[in-house]
Amino acid sequence: MSASQGGDRTDTGERMETKSENGIVKARDDTLVWQRFSVPYQYPVAFLRGLFRPENPLFTEIVARDDIAKRHRCLFIVDEGLATAAPDLEKSITDYFAAHAAQLELISPIMYIPGGEIVKRELAYIERMQDAIHAHAIDRHSYVIAIGGGAVLDAVGLVAATAHRGVRHIRIPTTVLSQNDSGVGVKNAVNFKGIKNYVGTFAPPWAVLNDFDFLDTLPHRERIAGISEAVKVALIRDREFYLWIEENADQLATFQPEAEEYMVRRSAELHMHQIAHGGDPFEAGSARPLDFGHWSAHKLETLTNHHVRHGEAVAMGIALDARYSVLAGLLPKGEDERIVVLLETLGLRIWHPALQGTDANGTLSILVGLQEFQEHLGGDLTITLLNEVGVGVEVHEIKPEFVHQALDWLRARERN
Ligand SMILES: NC(=O)c1ccc[n+]([C@@H]2O[C@H](COP(=O)([O-])OP(=O)(O)OC[C@H]3O[C@@H](n4cnc5c(N)ncnc54)[C@H](O)[C@@H]3O)[C@@H](O)[C@H]2O)c1
Ligand SMILES: [Zn+2]
């Protein structure tokens, strides 16, 4: 991250002269010495099958990429839900490490933590992981490797980023959502005092390894839910991808491998592109373009105690914001209907009664959520809506009357 503060700067050794355009920082005397450096981040993201087939060298090459001569210590932390669904996983990892023993050392036992929101909610799991990292003397040249859904990756990522101020961390996402969105990014977090993602960091990983084979054991509901993140990013960034999703909706809804792999990969690439080239990888500004459809989704997840899954809530949030965009005159009429039809064809619902829940003052709970969302981010309210399919637009106000009208529309549609 570079320490930049608007204005041209001339480096004059220790002292830097600042000619500010915004007039805030103008010192040319000895008051300010600008510390400035930048660190380029890079990490590989792989898309493959058979990551732990013994003959596949990729994992070893990635772990040993800075030193092929030494043995690298690896602590695995694995999602219990995945381990139950894929009982051979532990043996695959053990066999792989045996086949690559010259460069890899498996720290045993493999650690298991629950999948889903519980691991982000119960801080005892964080402490257990910290204990393991300490007990196994994981240092800044060893690896903490997380295998699991977005929740496990978020929790392990936080622990890895903060142990010794950051140990090497490899993510192996195993849900559609974590492969096509959350796993390829730079954020981690756990919930605190009921507030989602309150404690977290920005910490680019050592590598992300997306193995499509993991998706085969995913429950139907989870596998569908994650597609909404691909719809989201297509809607704000890539019309062609959106048209492709429309054309391939039936294949996606029935998990045809070729369609599913392309959907995951293209979505992940678009998320990666936004992080690398959007100009704000660590979200210092007010805009969060990748959070289209998310302002209501976050609240809906909390309101339903996570019975509505993140991806499912995002589908409803997309439907709401698409209708809102039409009501606000931003998106041509009919495009809202088109988007809703796609979501439904994919098997995603667009309505949940909690969307119209109110607090004690009669205010829509999701509007209270909007306020909380802004407090979490700080800065000006900035919400991405749609100008057309494939083109997002930022607004700085959400009008309650349009939200009410959009909700009525969604509810009426659901009844038909
Ligand atoms: N860090 C970010 O940028 C970011 C972005 C979006 C979402 N998230 C977070 O991701 C989380 C949601 O992640 P998710 O949708 O991946 O779900 P999840 O992590 O909640 O996992 C869902 C369920 O699937 C199980 N599971 C995981 N992989 C499996 C597999 N291959 N086979 C069988 N079962 C498996 C888990 O045990 C869990 O029960 C939320 O906490 C959300 O806040 C983070
Ligand atoms: Zn999301």
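**Stop 1: a helix pair**

Select helix H14 and helix H15 (residues 335-345), which pack at an angle of about 170° with their axes 8 Å apart. That makes H14 roughly antiparallel to H15; angles under 35 degrees count as roughly parallel, over 145 as roughly antiparallel, 65 to 115 as roughly perpendicular and the rest as oblique. Axes here are lines fitted to C-alpha atoms, for helices over the stretch in contact, and angles run from 0 to 180 degrees between N-to-C directions. Helices (H or I, at least four residues) and strands (E, at least two) are DSSP runs numbered from the N terminus.

This is a predicted model, in which local features need pLDDT of at least 70 and side-chain atom pairs count only at pLDDT 80 or more, while totals for chains, interfaces and linings use all residues. Residues are numbered from 1 along each chain as its sequence is written, and chains are lettered from A and ligands numbered from 1 in the order in which they are written.

Now show the side chains between the two helices. From H14, Ala-315, Ile-318, Ala-319, Ala-322, Arg-323 and Val-326 meet Glu-335, Asp-336, Ile-339, Val-340 and Leu-343 of H15 (contact: C-beta atoms, placed from the backbone, within 7 Å). By class, the residues of this contact are 8 nonpolar, no polar and 3 charged (Ala, Val, Leu, Ile, Met, Phe, Trp, Tyr, Cys and Pro count as nonpolar, Asp, Glu, Lys and Arg as charged, and the others, Gly among them, as polar).

**Stop 2**

Move to the loop between helix H13 (295-303) and helix H14 (310-327), and select Asn-305. Its phi is near 55°, a positive value in a residue other than glycine. Asn-305 is exposed, with 9 other C-beta atoms within 10 Å (buried: 20 or more such atoms; exposed: 12 or fewer; partly exposed: in between; C-beta atoms are placed from the backbone).

Select His-306, in the loop between H13 and H14. The phi of His-306 is near 65°, also positive, and His-306 is partly exposed, with 19 other C-beta atoms within 10 Å.

**Stop 3: a cis peptide**

Select Ser-108 and Pro-109, joined by a cis peptide bond with omega about 0°. Pro-109 lies in strand E5 (residues 104-113).

**Stop 4: ligand 1**

Select ligand 1 and the 30 residues around it, of which Gly-81, Gly-115, Gly-149, Gly-150 and Ser-182 come nearest (near: C-beta atom, placed from the backbone, within 6 Å). The largest share of this shell, 4 residues, comes from H6. The shell divides into 7 nonpolar, 16 polar and 7 charged residues.
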